[in-house]
Amino acid sequence: IIVGYDTRPSGKKILEIIKNKIISTKHLNIIKNPISTPGLQFISKKRKAFGIMITASHFPKNYNGFKFFYNGIKISKKNESEIQKNINKEIKLKLFKDRRITYLNFNKYILFINEKFKFNQKNKILFDCSNGSIGSFYKKINFFKGSKIINVDTKRNKINENCGTNFLYKNMNIYPYKKYDYCITFDGDADRVLISKKNYGIIETEKLSLIFATYFKKKKNFSSIVATEITNPWLKSQFKKIKKKIFISKVGDRNVIHKKIVKNSLFGFETSGHFSFFNFMDGLYTAGLFLKILNNNPEILDD
């Protein structure tokens with residue numbers, strides 16, 4: 001079992017409960033510092049482990065909760081139903097008195113991001129880290145270098161407070177946001193990203209999906225992407241032009257990813273700003289891909 005948490009103080013209290021109560025596993029791994037949800041999913045996938053992320057994602061600081069993963073993928077509704085049915089039953093478990101607790105870093109995830117995105121920044125970019133998970137490791141991300149980074153407070157319980165994806169509509173027209181060519185904002189656990197452009201406003205997620213599909217059309221062979229039932233129908237007409245399919249799923253990241261796997265689609269997305277390229281939603285990867293296209297193929301964005 002691998003456990004991670006965002007920057008909410010309540011996360012560490014919950015972590016102490018987990019450390020005391022989970023004794024039916026021989027080995028408990030705990031991430032040393034706040035980690036993004038996709039970072040934990042990446043490690044869960046690499047280690048073929050069960051992952052527990054302590055987070056309330058984009059919700060205010062006084063909330064907290066859990067996301068559960070196995071092999072990097074959120075557990076299914078069927079699994080959840082089984083757990084809920086049996087939660088009050090007495091089940092005999094093997095207990096390990098000699099259970100080991102190991103504290104891990106997440107350098108492999110950071111290395112994965114840095115290896116994917118190697119380019120020289122040509123535009124004035126502002127990153128809003130929402131006083132969330134990315135605040136603990138943004139200095140290690142190569143494509144952040146040379147940009148303005150704000151809201152990286154991991155100590156004072158200010159997660160999602162008047163910042164990040166929840167507030168981009170409000171903030172993009174005030175200083176310092178309006179000073180920059182592009183503003184890239186994350187939510188508290190960084191599985192979501194929203195992007196705004198100076199003198200344009202927020203770049204709709206449908207348009208981002210079209211930008212990504214157009215870019216990959218020149219790079220690799222793929223047939224489809226996945227969107228949800230609340231996606232703007234305009235996108236279907238655009239995908240017909242580039243001769244690619246859109247499969248529609250119900251709203252919910254679990255539904256999007258399930259359909260992406262079943263249809264073997266290039267990526268799936270939700271209009272809220274969740275994009276999945278590796279079977280988990282990753283705001284940091286999505287931001288890196290956008291900036292790579294902006295730097296190397298700006299004509300795609302103009303089109």
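In which loop does Asn264 lie? Asn264 is placed in the loop between helix H8 (253-263) and strand S14 (268-269), where helices (H or I, at least four residues) and strands (E, at least two) are DSSP runs numbered from the N terminus. The structure is a predicted model, in which local features need pLDDT of at least 70 and side-chain atom pairs count only at pLDDT 80 or more, whereas totals for chains, interfaces and linings use all residues. Residues are numbered from 1 along each chain as its sequence is written, and side-chain values use heavy atoms, with hydrogens and water left out.

The protein chain contains ten helices and 15 strands. The C-alpha trace spans about 60 × 40 × 30 Å along its principal axes. Of the 303 residues, 53% count as buried, with buried meaning under 20% relative accessible area, exposed over 50%, and partly exposed in between (1.4 Å probe, protein chains only). The chain exposes about 15700 Å², of which carbon and sulfur atoms supply 51%; accessible areas come from the Shrake-Rupley method with a 1.4 Å probe, and for residues only the protein chains shown count as cover. Among contacts (heavy atoms within 4.5 Å) with a separation of 6 or more, 66% are between residues 24 or more positions apart.

In helix H4 (residues 107-116), the buried residues are Tyr109, Ile110, Phe112, Ile113 and Asn114. These residues pack against helix H2 (37-47) and helix H9 (283-296). In helix H7 (residues 234-241), the buried residues are Leu235, Gln238 and Phe239. Viewed down the axis of H7, these buried residues fall within an arc of 100 degrees and so line one face of the helix, the arc being that of the directions from the helix axis to the C-beta atoms. An α-helix has 3.6 residues a turn, so residues three or four places apart point the same way. The buried residues of H7 pack against helix H6 (205-217), strand S12 (224-228), strand S13 (245-249) and S14. The face of H7 turned away from its buried side carries the exposed residues Lys240 and Lys241.

Several backbone features were noted. Most residues other than glycine have a negative phi, and most peptide bonds are trans. Just after H7, Lys243 takes a positive phi of about 60 degrees. Asn264 has a positive phi of about 55 degrees although it is not a glycine, and counts as exposed because its relative accessibility is 65%. For Asn162, phi is likewise positive, near 55 degrees; Asn162 is located in the loop between strand S8 (148-150) and H5 and is partly exposed, with a relative accessible area of 46%. The peptide bond from Tyr175 to Pro176 is cis, with omega near 5 degrees, and Pro176 lies in the loop between helix H5 (168-171) and strand S9 (182-186).

A salt bridge is defined as a side-chain nitrogen of Lys or Arg within 4 Å of a carboxyl oxygen of Asp or Glu. By this rule there are ten salt bridges. One of them joins the side chains of Lys61 and Glu161 (2.8 Å, N to O). This pair links distant parts of the chain, 100 residues apart, with Lys61 in the loop between strand S3 (50-54) and strand S4 (66-70) and Glu161 in the loop between S8 and H5. Lys61 is partly exposed at 34% relative accessibility, as is Glu161 at 32%. Arg156 and Asp153 also meet in a salt bridge (2.5 Å, N to O); Arg156 is exposed at 58% relative accessibility, whereas Asp153 is buried at 17%. In the salt bridge of Lys207 with Glu204, the closest N and O atoms are 3.7 Å apart. Lys67, Asp189 and Asp191 are linked in a network of salt bridges.

A nonpolar surface patch is formed by Ile23, Ile91, Leu93 and Leu95, which together have about 390 Å² of accessible area. Patches are made of residues with over 30% relative accessible area and no salt bridge, like charges being joined within 9 Å and nonpolar side chains (Val, Leu, Ile, Met, Phe, Trp, Tyr) within 5 Å. Leu95 lies in the loop between helix H3 (77-86) and strand S6 (100-104) and counts as exposed at 54% relative accessibility.
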